[in-house]
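Please look over the sequence and the structure below before reading on.

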Amino acid sequence: LRDNRIELVRASWHELSISVSDVSLSDEGQYTCSLFTMPVKTSKAFLTVLGVPEKPQITGFTSPVMEGDRMQLTCKTSGSKPAADIRWFKNDKEVKDVKYLKEEDANRKTFTVSSTLDFLADRSDDGAVVSCRVDHESLNSTPQIAMQVLEIHYTPLVKIISSNSWPEEGQSIILTCESKGKPVPEPVLWTKDGGELPDPERMVVNGRVLSISFLNKTDNGTYRCEAKNPIGRNSTEYVLIVHDVFNTLLPTTVIPSLTTATVTTNVALKASTTTSATATSIRDPNALAGQTGPDHALIGGIVAVVVFVTLCSIILLGRYLARHKGTYLTNEAKGAEDAPDADTAIINAEGSQVNAEEKKEYFI
């Protein structure tokens, strides 16, 4: 070996050592050590030289990218032996669906590898970091990495936030229009029912905020917030419904008022009987007109009528039973109604027993 990069490190009858500096791919091959004895003895070893891949580069990115456009990013590295491995990451999350290509270099010893990442640009990708990582055994577990920060332009995203979920008459409400886009949207435009705001004195716009004071039913309607930037425009709507004021009654001192109604019915059944039904109704003198609640006077009147009807029904039933009461006589008492007194009736009844044996009585 005759090369200035090769130096003799140690030479003795037992060991011969050399060193090779600035190793290149041409140094790869078989090395032979010979011991000039009789016969000559030799030992051989094959030296493999690894090709270190160059620092990767990402191509195909043009800034900015419009939302919905297709992006094709290519990562390429040359001089690797054997061929290096390329992996893609987006915000430290590996992307698997990529294309891999390996080509042999002109020296027929090293390789150029490339990988292509193909995807549709989305607003969620704005600001994302896309990295290409090259792994190779010559890098001693320290991969080479190339990075690219994505810039995606997209139309505004609009949302209205209300400060009052149940607006009532006389109250105020603040509507905030949140718009997010790239480039940053211009000042928003507020409209009501497709036209301008009808009452600028009460409806004040400050940037993205619409404030409405002293709400009334005329403020009901659909409020639209529209935002735009050079990419496009977008809008959203908010339906405002102003509710009636909810009346909350404060505790008051109630002074009851007593009203008594008395119904009296007299009925003669062997003796004179008097029945009274009294209905008492209490009304709150402080009750508001139109206020819903139980009407005690009405309830008392209904109870009095029910009691009166019940008593009348009992009286009529008693009279009916009294009138239809019958008199039932035995055979011994027959004819007694013709006697002038009780003794004669008994004699007549006894006399009727003379021919009793000729009579038969049947009881069913």
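Which residues does Leu-73 touch, not counting residues up to four places away in sequence?

## Nonpolar cores

In this predicted model, Leu-73 touches Ile-58, Thr-59, Gly-60, Phe-61, Trp-88, Ser-115, Thr-116, Leu-117, Phe-119, Val-130 and Leu-150, once residues up to four places away in sequence are left out of the count. Leu-73 also belongs to the largest nonpolar core, a set of 19 residues, and stands with Met-71, Trp-88 and Leu-150 among the residues that have the most contacts inside this core. Four strands each supply at least two residues of the core, namely β7 (70–80), β8 (85–90), β11 (111–120) and β12 (129–135).

Apart from this core lies another one, made up of 18 residues, which include Val-158, Ile-160, Trp-190 and Val-242.

## Ile-174 in strand β15

Strand β15, which covers residues 173–182, contains Ile-174.

The contacts of Ile-174, not counting residues up to four places away in sequence, are with Ile-161, Ser-162, Ser-163, Val-209, Leu-210 and Ser-211. A further separation can be given for Ser-213, which is 39 residues from Ile-174 along the chain and whose C-alpha atom is separated from that of Ile-174 by 8.7 Å.

How many bridges join β16 to β19? The two strands, of which β19 spans residues 221–229, run antiparallel and are joined by 4 bridges. As for individual partners, Lys-192 has Tyr-223 in β19 as its bridge partner.

## Disulfides

A search of the whole structure finds 2 disulfides, and when the bonded cysteines of the chain are numbered in sequence order, the pairing reads 1-2, 3-4.

Cys-75 and Cys-132 form a disulfide in which the sulfur atoms are 1.7 Å apart, and the link is left-handed, with -70° about the S-S bond. This pair links distant parts of the chain, since Cys-75 lies in strand β7 and Cys-132 in strand β12, 57 residues apart. Both Cys-75 and Cys-132 are buried. Cys-177 and Cys-225 form a disulfide as well, with their sulfur atoms 1.7 Å apart, and this link is left-handed with -80° about the S-S bond. The pair again links distant parts of the chain, with Cys-177 in strand β15 and Cys-225 in strand β19, 48 residues apart. Cys-177 is buried, and Cys-225 is buried too.

## Two further cysteines

Into which accessibility class does Cys-33 fall? With a relative accessibility of 43%, Cys-33 counts as partly exposed. Cys-312, at 24% relative accessibility, likewise counts as partly exposed, because a residue must be under 20% relative accessible area to be called buried.

Methods:
Residues numbered from 1 in each chain as written. Predicted model: local features only at pLDDT ≥ 70, side-chain atom pairs only at ≥ 80, totals over all residues. Heavy atoms only, no water. Core = buried A, V, L, I, M, F, W, Y, C linked by side-chain atoms within 4.5 Å. Buried < 20%, exposed > 50% of the residue type's maximum accessible area, 1.4 Å probe, protein only. Contact = heavy atoms within 4.5 Å. Pairing = 2+ DSSP bridges. Disulfide = S-S within 2.5 Å.
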